[in-house]
Amino acid sequence: MNRTGRFAPSPTGDLHFGSLIAAVASFLQARSSGSRWLVRIEDVDRPREVPGSAASILAELQRFGMQSDLPVLYQSQRSEAYESAVTSLLNRNQAYWCGCSRSELPASGIYPGTCSDGLPAGKSPRSVRLRVHREPIDFADQAQGFIQESLAETVGDFIIRRADGLTAYQLAVVVDDAFQGVTEIVRGADLLGSTARQIHLQHCLGLLTPAYAHHPVVRGSDGKKLSKRIGSDPITGHPPEWALEKALRFLGQPCPAGMGLQQLWDWALKNWQLSRIPRATFTL
Ligand SMILES: [Zn+2]
């Protein structure tokens with residue numbers, strides 16, 4: 001089987017430094033070990049999409065010299081695959097229809113299982129939830145170490161098909177990672193909290209679980225995650241060698257200063273080590 005890594009940005013704005021880190025880390029982890037590297041545009045949440053940003057992200061990757069080994073996959077074209085996964089989970093009673101609206105959920109955010117034995121009288125089906133269990137899900141993150149999470153205690157039965165009919169992020173990611181043969185996921189630690197849900201979905205759908213590595217998330221000096229301030233620091237205006245050098249340093253890779261783009265890639269491909277990725281949060 002081909003080993004495969006991927007970068008999966010959401011088209012909600014220009015490529016900023018935070019997502020460049022994820023692109024560079026996944027690209028180097030794949031290419032330095034002879035794996036394929038694929039790009040997937042996560043445009044499943046159409047209402048959040050910023051027109052033109054998918055094209056602008058792809059153009060930026062090109063400018064840095066990062067090219068997907070296969071044609072780019074768009075989640076907006078994958079709804080049949082998502083629907084068939086949801087249907088099979090419903091048919092096997094691993095998922096169920098929920099009629100609760102957001103305002104009926106407890107403040108904890110943990111779904112109390114109101115509809116898990118069938119829709120209560122007077123409720124009509126809105127979203128589809130996946131059943132979870134109490135036994136913890138654990139995985140060895142290649143950058144952050146051993147992680148354990150009991151989904152019953154953190155989220156409860158979670159939504160895989162939203163009330164607006166759109167596929168939930170967790171389900172789309174899992175179906176597409178399997179479809180693209182992804183064996184190794186390198187991404188920001190802001191998604192660490194999604195990983196147990198995705199592993200549970202893989203188990204329910206009979207899919208393989210890839211290896212995971214989560215790198216620290218870039219924060220501005222105000223402590224806010226940079227991608228929450230979209231547009232505040234797009235890398236569009238910066239020379240790629242400047243941004244790549246910064247990205248490598250952030251990822252704990254001690255590249256020499258002042259190299260050109262090609263030299264930097266040559267150095268990085270030869271010297272890349274996942275184990276150097278820091279656990280601590282970095283302040284710009
Ligand atoms: Zn419900």
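What follows is a short tour of helix packing, aromatic pairs and a few single residues.

This is a predicted model, where local features need pLDDT of at least 70, side-chain atom pairs count only at pLDDT 80 or more, and totals for chains, interfaces and linings use all residues. Residues are numbered from 1 along each chain as its sequence is written, and side-chain values use heavy atoms, with hydrogens and water left out. Helices (H or I, at least four residues) and strands (E, at least two) are DSSP runs, numbered from the N terminus.

**H8 and its two partners**

- Two packed helices are described by the angle between their axes and the distance between the axes.
- Axes here are lines fitted to C-alpha atoms, for helices over the stretch in contact, and angles run from 0 to 180 degrees between N-to-C directions.
- Helix H7 (residues 240–250) and H8 have axes that come within 9 Å and cross at roughly 25°.
- H7 and H8 are therefore roughly parallel to each other (angles under 35 degrees count as roughly parallel, over 145 as roughly antiparallel, 65 to 115 as roughly perpendicular and the rest as oblique).
- The crossing of H7 past H8 is left-handed; that label applies if the near helix is turned anticlockwise from the far one by less than a right angle, and right-handed if clockwise.
- On the H7 side you'll find Pro240, Glu241, Leu244, Glu245 and Leu248, which meet Leu261, Leu264, Trp265 and Ala268 in H8; contact means heavy atoms within 4.5 Å.
- By class, the residues of the H7–H8 contact come out as seven nonpolar, no polar and two charged (Ala, Val, Leu, Ile, Met, Phe, Trp, Tyr, Cys and Pro count as nonpolar, Asp, Glu, Lys and Arg as charged, and the others, Gly among them, as polar).
- H1 also packs on H8: the axes of H1 and H8 come within 9 Å and cross at roughly 60°.
- That angle makes H1 oblique to H8.
- H1 passes H8 in a right-handed crossing.
- Val24, Phe27, Leu28 and Arg31 in H1 touch Trp265, Ala268 and Leu269 in H8.
- That H1–H8 contact has six nonpolar residues, no polar ones and one charged.

**Aromatic pairs**

- How many aromatic pairs does a search of the whole structure find? There are four, with rings of Phe, Tyr and Trp (its six-membered ring) pairing if their centres lie within 6.5 Å; planes under 30 degrees apart count as stacked, over 60 as edge-to-face and the rest as tilted.
- Phe27 and Trp265 make an edge-to-face pair, 5.0 Å centre to centre with 65° between the planes.
- This pair links distant parts of the chain, with Phe27 in helix H1 (residues 17–31) and Trp265 in helix H8 (residues 261–271), 238 residues apart.
- Phe27 and Trp265 are both buried (buried means under 20% relative accessible area, exposed over 50%, partly exposed in between, with a 1.4 Å probe and protein chains only).
- Ring pairs also tie Phe7, Phe27, Trp37 and Trp265 into a cluster.

**H5 against H6**

- Helix H5 (residues 169–179) packs on helix H6 (residues 192–205) at an angle of about 60°, with the axes 9 Å apart.
- That makes H5 oblique to H6.
- The H5–H6 crossing is right-handed.
- Tyr169, Gln170, Leu171, Val173, Val174 and Val175 in H5 meet Ser194, Arg197, Gln198, Leu201, Gln202 and Leu205 in H6.
- Sorted by class, the H5–H6 contact residues are seven nonpolar, four polar and one charged.
- H5 is mostly covered, with eight of its eleven residues buried; among them are Asp176 and Asp177.
- Just after H5, Gly181 has a positive phi of about 70°.

- His215 sits in strand E10 (residues 211–215) and is buried, at 3% relative accessible area.
- Asn93 lies in the loop between helix H3 (79–91) and strand E4 (95–98), and has a positive phi of about 60° although it is not a glycine.
- Asn93 counts as partly exposed, at 47% relative accessibility.
- Asn91, in helix H3, counts as exposed at 64% relative accessibility.
- From C-alpha to C-alpha, Asn91 and Pro120 are 19 Å apart in space, and 29 residues apart in sequence.
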